Amino acid sequence: MTAQTQTEPVRQHQESSIRRFRNWWNSLPRPQQWVGVLPIVVLIYLLPVLNPPGLTTEPNVNFPISMYHAAVLVLVAIGLNVVVGQAGLLDLGYVGFYAIGAYVAALFTSKDSMLHKLPYLATLPLAMVVTMFFGLILGTPTLRLRGDYLAIVTLGFGEIVRLLATIIPALRGTVGFSGIGHPPGTQADGQPIFSVSNGTPWYWLAVTIIIVILLFVGNLERSRVGRAWVAIREDEDAAQMMGVPTFTFKLWAFAIGAAIGGLSGALFAGQNGFQNNQDFGVNFSVLYLCAVILGGSGNKVGVMIGAFIVSYIPDRFNFLGSQKYLVFGVALIVLMIFRPQGLLGARQRLLARGRTAYLRLVGKPEQLSSDSALTPEKGGGA
Amino acid sequence: MHPVTVFLADNSWINFDVSAFKELFWNNTFDGLAYGAIYSLIAMGYTLVYGVLRLINFAHSEVFIVGAYAVFFTLSFLGFGPFDPQISVLSLVGDLLLACIAAMLVSGVVAVLLERIAYRPLRRRNAPKLAFLITAIGASFAIQYLIELWRGPSAEQAVIMFQPQPVFTVFGANISNQQITIFVAAILLMVVTDTFINRTRFGRGIRAVAQDPDTATLMGVNKERVIMLTFLIGGLLAGAASLFYIMKVPAGVQYNGGFNLGIQAFAAAVLGGIGNIRGALLGGMLIGLIGNYGQTLLGASQWSQVIAFIALVVILMFRPTGILGESLGRARV
């Protein structure tokens, strides 16, 4: 008891300084926030070139390629966050969409495929369309079910995609597709800029796509759609009562999440240059989920940090090997017990104009809700 | 012809082998029932825990595979290996019983420990449902990769308990002693469990908590003890299932070997109506049969899972609570 009373003021003090910074940041108009973020973005772009000594993963793993993999996982996490974090639907088959995206890129660009060849960059939107379609197919029957059924059915979907890649002859199983395309452009010596061995241009491409997707997802979150998602996540029945067409919006979340998953899969296949059925086990779905939960489900910045950690730690400390699954499995258990909302909790904020209006009306900055589907229910801790 | 149509028209996508399906129909039926019995036993664990806690115990497949390791070690210790053991029937039965008890004990203990370490702290904190599910996934992975750390990624050496011998023929299909053993033993275990749940005082406690935890607590049922008992029963059944699984698939002891089986068993539980014990039995048999038929019809063993899952989704679309409906509380009115 005494220990608790002693630490309480300290914690409050720490929280208040963080909160003060956050309030100050939130009070800035959006263009100023963008200017503030700009140096960080530039730094992120420069990461593989700088190759900072403490941060580098070499000599074990090529640093730009490691950064590229991290960027792809960040994109995956942003997509999964729409499904799990925003709409509160537990999707355990996300790797299925990722796989479909990768196979779209492979089927339409590899010399091993009998299909028409398309330029690689055209397969990126195509992958999004195809996976969105699969998301609708999977979502339409299953999103009417209760949450835990959805988890298991999506898990099955992920397995089905992997198994189909193994047993359908046209998808070439472990033999796979080699020579998957890449964006155009050659260096002075005739080598393609986007080569398998050079991660830096791929990384820049991925970061650019992430920024575009972030703008898109961020705007969605602040729109009517995003509010509907949060309502569904917090209490589906209540949302339905208030006139939110829950099924439609859940389906939207599912399809948009799927499309982003497909996009990241296609990106991954491009840099890899080769695609077979080996990269799509259920353990990847769990890894993605871990990234989202670790960072803070429902918080875009959080899930990006989470994804970076999940991708970067095994590369940096590569003695972890396959034990990374053990580490992240234990991390999930511990997180759920001690910090279920992740590193950064879910937050729903008003827009800058709404904030000033709120401030004028209420006389104090907006109260951020840190509620998410994962924070403990208040009261009645029996 | 247009290349896309060539791509879709040739046989490189899906082949239907109807003649093999017809020819092997009864073989598949009997073998499917044997597999189904194993699925049913595992599905009971999912169903019991779900009935009481409304939790998909994702790590139940790892409870099962831990039992399989116990079977492997016991039988290896007793001198079994990748060869046909030439021992008398009586000593064989004794050895198998020993292995079965070892597996049941190990699985039961792991299930109870899992509940203690992973789920109980969450219940204390009144955590939301999603947190339980994520913990379960985390536990499943933690156990899998702990085993991988200990035993390495490859499968263990096969342990053959006895070579299946055809005993009699029905509809032109041989029924082996192995299939009979698995089916009869599994059904027996399930009848015992069903009786335990429906007829004993402990079973009444389980049904009461499944129906209404708060009221049951007010009526003097020790909820924590009931939850522990539920995990224990699930673990014991999974342990027994692991023995039958190794009997059928001698080289199936691998760190991630339980995962797919667990998914199938869960599908079985949902198919029959999760939370419903007899539903688990029915669902397990159906999944076993459907999987076996699909596998022969489409020509690759992996199809069994694909088909099982498609069947699950289709049934859930029309009957979201499974075939027999979901209620452990109303198992006996």
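This is a predicted model: local features need pLDDT of at least 70, side-chain atom pairs count only at pLDDT 80 or more; totals for chains, interfaces and linings use all residues.
First, conventions. Local features need pLDDT of at least 70 and side-chain atom pairs count only at pLDDT 80 or more, while totals for chains, interfaces and linings use all residues. Residues are numbered from 1 along each chain as its sequence is written, and chains are lettered from A, with ligands numbered from 1, in the order in which they are written.

I begin with chain A. There are 14 helices and 2 strands in chain A; helices here are DSSP runs of H or I with at least four residues, strands are runs of E with at least two, and both are numbered from the N terminus. Of its 382 residues, 48% count as buried. By buried I mean that 20 or more other C-beta atoms lie within 10 Å of the residue's own; exposed is 12 or fewer, partly exposed is in between, and C-beta atoms are placed from the backbone. Contacts are pairs whose C-beta atoms, again placed from the backbone, lie within 7 Å. Among contacts in chain A between residues at least 6 apart in sequence, 77% join residues at least 24 apart.

One helix in chain A to look at is α4, residues 94-109. Its 16 residues reach 23 Å from first C-alpha to last, close to the 22 Å expected at 1.5 Å a residue; the expected span is 1.5 Å times one less than the number of residues. All the way along, α4(A) is covered: 16 of its 16 residues are buried.

Now chain B, which has 13 helices and 2 strands. Its radius of gyration is 21 Å, close to the 20 Å that the globule rule gives for 333 residues, so chain B is as compact as a globular protein of that length. The radius is taken over C-alpha atoms, and the rule is 2.2 Å times the number of residues to the power 0.38. Buried residues make up 53% of the 333 in chain B.

Within chain B, helix α4 covers residues 60-77. Of its 18 residues, 15 are buried, so α4(B) is largely enclosed by the rest of the structure. Just after this helix, G79(B) takes a positive phi of about 95°.

Next, a helix pair. The axes of α3(B), residues 25-53, and α11(B) come within 8 Å and cross at roughly 70°. That makes α3(B) roughly perpendicular to α11(B). Axes are lines fitted to C-alpha atoms, for helices over the stretch in contact, with angles from 0 to 180 degrees between N-to-C directions; under 35 degrees is roughly parallel, over 145 roughly antiparallel, 65 to 115 roughly perpendicular, and the rest oblique. The residues that meet include Y39(B) and Y46(B) in α3(B), and L261(B) and F266(B) in α11(B).

Which elements does chain B present to chain A? Those giving two or more residues are α1 (3-9), α5 (89-124), α6 (129-151), α11 (257-272) and α13 (303-318) of chain B. The largest share, 15 residues, comes from α6(B). In total, 46 residues of chain B are in contact with 47 residues of chain A.

Last, one residue on the chain A side. I337(A) is found in helix α13, residues 324-338. It has 19 C-beta neighbours inside 10 Å and so counts as partly exposed. Leaving aside neighbours within four places in sequence, I337(A) is in contact with P121(B) and L122(B).

Notes
Two residues are in contact if their C-beta atoms, placed from the backbone, lie within 7 Å.
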